[in-house]
Amino acid sequence: MILICKSHDENNESHEDVIDWLSYHNAKFDFLSGHDYYENGNDWSIELSNSKNESSFFSQEYQSIWFRGFMRYRSHFKETINSLDSTNDNIAELRWRLGQETAKTNSQIFKSFEDSYQLPNPKSTKVDKFSILRLAEKIGLQIPISMISNSRKKLLEFYKKHGDVITKPLYETVYFRDESSAIFFKTDKITEESIKSLPEKFFPSFFQRYVEKDIELRAFYLEGKFYTMAIFSQLDPQTKTDFRNYNTEKPNRNVPYLLPKEIETKLRNLMKELNLNTGSIDLIKTPDKRYVFLEVNPTGQFGFVSKPCNYYLEDEIAKTLIQHDQ
């Protein structure tokens, strides 16, 4: 049977389309959501002893696992956190520890399925952009000149040396919102004025030299094959720095694209080193026809590439899961 591990709040068309294709192919599948196992009162346990048999609630034999997320502490412990005094000096420590406890619990749940085929392996999804850039450069891919720093002086030197500079999160692009404000961690250009307005020391942050673009490329990778889309983001000032600054009223033109074999080989080697059998890869093709690697998202969205290019990735994912459900 196929198991779909998902976040309880994941509700997107691509996810549902894969399920539709699994149904079309008469595949048997089940769901595992962190919401179900942390909040809904389901009884479960994973027991260890000196005997050879492990007692586990997850006794169903799943041969093929599709990992689309699970659960983070901020959701299933929200009520506990909110019940505490917001002025409590230990609240930050508690949040961190709950996050660590959740991560360790999740890892043991996934360990129950370590002998099954996993797309991707949850252990391989915990990557950071700087480490991947190190590996990409070692493999022979071109990368943007990058820096992590907490120093206004160092950042100003970097800016004066390299010209246009962008900043982006090292982990994920995230979005926070409450009743009074919204914070969006995304890729953005910085100016000399904004640098000079910073304190002498600030929270360690990630910076890159801005790379001039002809087009942006999003390549969805699945078991050795690339499904690449060219994004004509430079025709719109709103999307010029990052195509993810979507213009919903006038979307970018997106078309299928064939990467050079040399680039595909290097990217394939990168994914192998990262132990990733799937993921979304972002690149830039420069005006002088160089290919510059930016990042990999192990569980990136694929409908964004599938539909404009008629790749039918939802069916490809479904067939891959079925193939390993033997």
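Visitor: Is aspartate 282 buried or exposed?

Guide: Aspartate 282 is buried, with a relative accessible area of 5%. Buried means under 20% relative accessible area, exposed over 50%, and partly exposed in between (1.4 Å probe, protein chains only).

Visitor: What kind of model is this?

Guide: This is a predicted model, where local features need pLDDT of at least 70, side-chain atom pairs count only at pLDDT 80 or more, and totals for chains, interfaces and linings use all residues. Residues are numbered from 1 along each chain as its sequence is written, and side-chain values use heavy atoms, with hydrogens and water left out.

Visitor: Back to aspartate 282. Which side chain does it meet in a salt bridge?

Guide: Arginine 218, at 2.5 Å, N to O. A salt bridge here is a side-chain nitrogen of Lys or Arg within 4 Å of a carboxyl oxygen of Asp or Glu.

Visitor: What about lysine 266 and glutamate 262?

Guide: Their side chains meet in a salt bridge at 3.2 Å, N to O. Both lie in helix 9, four residues apart, about one turn of the helix. Glutamate 262 counts as exposed, at 52% relative accessibility. Elsewhere, salt bridges that share partners join Asp17, Lys307 and Glu314 into one network.

Visitor: New topic. Which residues touch the most other members of the largest nonpolar core?

Guide: Among them are Leu217, Leu267, Ile281 and Phe293, in a core of 27 residues. A nonpolar core is a set of buried Ala, Val, Leu, Ile, Met, Phe, Trp, Tyr and Cys residues joined through side-chain atoms within 4.5 Å.

Visitor: Which element gives the most to this core?

Guide: Helix 6, with five residues.

Visitor: And what does isoleucine 281 touch?

Guide: Its contacts (heavy atoms within 4.5 Å) include Leu217, Arg218, Tyr221 and Met271, not counting residues up to four places away in sequence.

Visitor: Which residues does the second, separate core include?

Guide: Leu22, Phe220, Ile231 and Cys309 are among its 22 residues.

Terms used: Helix = DSSP H or I, 4+ residues; strand = E, 2+ residues; numbered from the N terminus.
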